[in-house]
Amino acid sequence: MTTTIPQPPGYPLVGNIADVDPKDGIGSINRLAERYGEIFKLSIFGSDRYFLSSERLVNEACDETRFVKGINANLEQVRNGVGDGLFTAYHGEHNWAVAHRTLVPAFGPIGINNMYDEMYDIATQLVSKWARSDPDQSIHVTDDFTRLTLDSIALCAMDKRFNSFYHDEMHPFVDAMSEFLVESGARSKKTRLEMMLNRGPTQRYEANIALMRSVAQEVIDRRRKTPSEKKDLLNVMLFGKDPKTGERLSDDTIMNNMITFLIAGHETTSGLLSFTTYFLLKNPGALQRAQQQVDNVVGKGPVKFEHMSKLPYIEAVLKESLRLMPTAPAFAVQPKPGTTEPVLLGGEYLVSPNAILLCWLPKSQRDPAVYGEDAEEYRPERMLPDSFAKLPSAAWKPFGNGARGCIGRPFAWQEAILALALVLQNFNLRMADPSYQLKIKQTLTIKPDNFHIKVSLRPGIDPIAIEKRMYGDSGASKDDRHKASAAAVVSGNLKPMTVLYGSNSGTCEGLAQKLASIGSSQGFSATVKSLDFAIDHFPTDQPVIIITASYEGMPPDNAALFTEWLKQSDSSKFKGAKCAVFGCGHRDWVATYQKIPTFFEKELEGKGAHIILSRGETNVAAGTIFDDFDTWSDKLWSALGSRSTGVVEGLEMELSSSSRASHLRYSVQDALIIKNERLTPEGFQPEKRYVEFRLPTGTLYDVGDYLALLPINSLSVVARVLRRFQLPWDATMKLKKGSHSTIPTEVEMSVSTVLASYVELNAAATKKNVQTIASYASDDASDVSSNDAQQSVLDILETDTSLPLPFAVFLSMLPPMRIRQYSISSSPLADSSVVSITFSLAADSDPEMTTHPGVATHYLKSLQAGSTAQISIRKSPASFHPPTDPLTPIIMMCAGTGIAPFRGFVQDRAIKITSAPNKQDLAPAILIIGCRDPKTDKLHAAELDEWEKQGAVKVYYAYSRASDQSDGCKYAQDRLWRERKEVGELFLNNAKAFICGSSALGKGVAETACKMRIEARKEKRGEEIGMEEARKWWEGMRGERYAVDVFD
């Protein structure tokens, strides 16, 4: 019995053209594969294409006794520029066979060995360029890897030097090639009439083809005019003969393959190196291990040809990158010529005898049936030789298949190993934007889009002598020069200090800037950097203050590399260092509270650093971050021999009222508001809302991720500040250089813009703030020291308008504006360009009626459809995503707007069920929801009812104010206890549990789970265990069997 191949509903004539976003083709196909399963069909202008996304189907399609290479619609258009080149030739095309037999020997071991010196020459140019860049300079890594790979293939294969590293702009061939490939893909989706009516793109397309052919012709003419004895690819093409027929390559075939090699020889390898850099920076453990292997095998001397086969972990790193992000994401096959009957695939799917089958590698190479539950994770160890040899034959196919596989694979592999080894040998890397999430730039191949890094030379390496070092002359040690340049140059009698921060939301960075701004009054000139910046450059000649947070026991994004480096480094790197650590954490995360700050202090002390002052800490749930930090920093200054006055100094600035300016901060983009609706009845408190955003092009998200929002203070609060300081709305200001603030310096800015966008106006005043305000009060002024703990600095100042506190001092007391994170409440399978959040308004629903309305939630409420907001997508912990195995049951528990991520979970399941009901067998899912009343805050009820009917979930409610309508269950944990038999059965069947809500919910569920454990042990084993043992059992499964997302 055969199974119907699923297909999205299409439109007349054009078919499924709307199902593939031309700006995000990779993401579109991935989502369709998630929705429809291991095979689905798309029809575009009457042409059918079948996509295979499981290893088992790809493996069958790779059987060369049944299938041959197919030229899909995209490659059909590419033939306009490269004709019957090796990559685009039809099956059985004569010129392909002649060229293939002639050129294969050029890529044999001897040929690749002969290319090494020239390959090394180009790679050292990249290293030299990076060595001369400033450590804080942002490097567009994909552009530089493109320079590397283009120059390498041109020099090694054709003795042509493009000298790309000596020009700011890319060689014109690169732009022409990129536009040619993009337009080839676009033309495959256009009608002839459309191309005739819109001649502009066609004319540009033809011009790009002409430019590529002229570059190739120039190389050919130069060789014919000046013959060379060099045994390179060009000479083989010009003078080689087919060993079977004795034929030489025709001029057209030479031209076609020249362009093919120039395109394929650099485009995919550039993407590979770029993706590998991204994955290593996101996985510090792998980065440290890769760098360590280079150090052990190569040392400090030149990277030699004999090293290429001695770097198995480097190879594993590259293979794992190609597994997750194959730079050529698909290859096409079709049934062998002469096939007349429908072909059976996978024992159940019938395809037509002339069908084009696209082996979709971004999904087949992540098949959980092969790679397990962690198939989506970057783990190079699975690609080490022994493990790699055990993989099924089709589990890793980034170079294509069989006779039509990539002929240049040995060249690309040697080039990638060499380049990565040289980079790791000489540099420490970090992301220019630690919160960067991978975006894809797509032509016919894929690369990271807008990906930037920063690099710093490793200790003992000097930019002046680096070229000699790479060619065997170690040169004089430059450690002293390096240390001198790393030390802060300070004026007067100020002593140097380094403040290092680890921060995702900006809180710890703000504390670091605050500490540095006070430093000058304490006799110190402070340099503020992220923790990752300190890798291999940890100061030992000045105090180092570390301010960092933990995120479920993991370091912040810009401290992850430093954490791994600290683990691996020996004590010699910290001899003489003087350190102090301050940590931010949330006590509800009992098992991981202050884990990273504690680790830093213990590890540094254990490796010989002197701890200036015992670790300080703050529990963000208590709302006393700034007071705790002020108390600790006072002790710090005392320990450093300074005496704090307790009074905050004003920022150095100039005020003006003649112009305006607008500035943005954080890594965010504009997103369009599509929908903003109230979910609860008028008068219900707290008000709950649902907002949908149209994402910027190329922005991707997964179920369970976060949406980060950069809010704006309400105009009513900004107006209060302006009134208090008697400033007009068009007043401007300029901070002087050296001001330690997140507000830009030496730039004239609107005061109202700064107040609205850069600082937290509603933050509670700290004790030090109160002390500073009091210092400006006259003897007969009211006592400002007895303020309410929740009053802001502005609140206090409004109680006594006679206080002569300068605006500059007021501004210096305000913490920087923070990004707020919200759980995403949608699935990208519904619409990948749309993301939604569900939230409660903080404080009173009317910002005019309360002193401290929630800044972000009231800002969100004010946004109307058609307006924009500054957002980004942030990854949630890996544990808080639905299982990749559809046969793993799910248990979800929430209260209030904690339903947000689970709406996305269930929507995702419902779409998979309705899209391909015959293939998407999903394990059971239970959703337990706590809310007040079914008539007031039963959020998304209609959708959940519909999804429950479809079999996507089973929903249970607990109504705190109508428990008689929820079987006596008042809270979610009560419902969990009532349904413990059903839930327990799922848990025994390896279910994964998710909890989202307040800390009270988290504690309530934990207590109930422990009671269930005690009861189950007694019933099934007759054993009596206590609550303490049950709690240890529950905590021991955190992150593995259950995940928690707590908010307050």
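Two strands count as paired if DSSP finds at least two bridges between them, where strands (E, at least two residues) and helices (H or I, at least four) are DSSP runs numbered from the N terminus. The model on screen is predicted, so that local features need pLDDT of at least 70 and side-chain atom pairs count only at pLDDT 80 or more, while totals for chains, interfaces and linings use all residues. Residues are numbered from 1 along each chain as its sequence is written, and side-chain values use heavy atoms, with hydrogens and water left out.

**The sheet**

Select glycine 997 to begin, and look across to valine 1046 in β31, which stands opposite. Strand β30 (residues 992-997) and β31 run parallel and are joined by 5 bridges. Widening the selection shows an open sheet of 5 strands with parallel pairing, in the order β29-β28-β27-β30-β31. The edges are held by β29 and β31 (1042-1046), each with a single partner strand, so one side of each has no neighbour in the sheet. Neighbouring strands of this sheet are turned by 10 degrees against each other on average, direction ignored.

Although β29 (residues 954-959) stands at an edge, 5 of its 6 residues are buried (under 20% relative accessible area with a 1.4 Å probe, protein chains only; over 50% is exposed, and in between is partly exposed).

**Two helix pairs**

Select helix α13 (residues 284-297) and helix α18 (residues 409-426), which pack at an angle of about 95 degrees with their axes 9 Å apart; axes are lines fitted to C-alpha atoms, for helices over the stretch in contact, and angles run from 0 to 180 degrees between N-to-C directions. These two helices are therefore roughly perpendicular (65 to 115 degrees; under 35 is roughly parallel, over 145 roughly antiparallel, and the rest oblique). Leu287, Ala290, Gln291 and Val294 of α13 meet Ala421, Leu424 and Gln425 of α18, contact meaning heavy atoms within 4.5 Å.

For a second pair, show helix α3 (residues 73-82) and helix α10 (residues 199-225), which pack at about 50 degrees with their axes 9 Å apart. That angle makes α3 oblique to α10. Their contact is made by Gln77, Asn80 and Gly81 of α3 with Tyr205, Ile209 and Arg213 of α10.

**Two threonines and a helix**

Centre on threonine 146 in helix α7 (residues 141-158), which is buried with a relative accessible area of 3%. Leaving aside neighbours within four places in sequence, threonine 146 is in contact with Met170, Val174, His266, Ser270 and Lys447.

Then go to threonine 857 in helix α30 (residues 855-862), where the relative accessible area is 6% and the residue is again buried. With neighbours within four places in sequence left aside, threonine 857 is in contact with Tyr822, Phe839, Ser840, Leu841 and Ala842.

End at helix α1 (residues 25-36), where 10 of the 12 residues are buried, among them Ile26, Ile29, Leu32 and Tyr36. Glycine 37, which follows α1, has a positive phi near 100 degrees.
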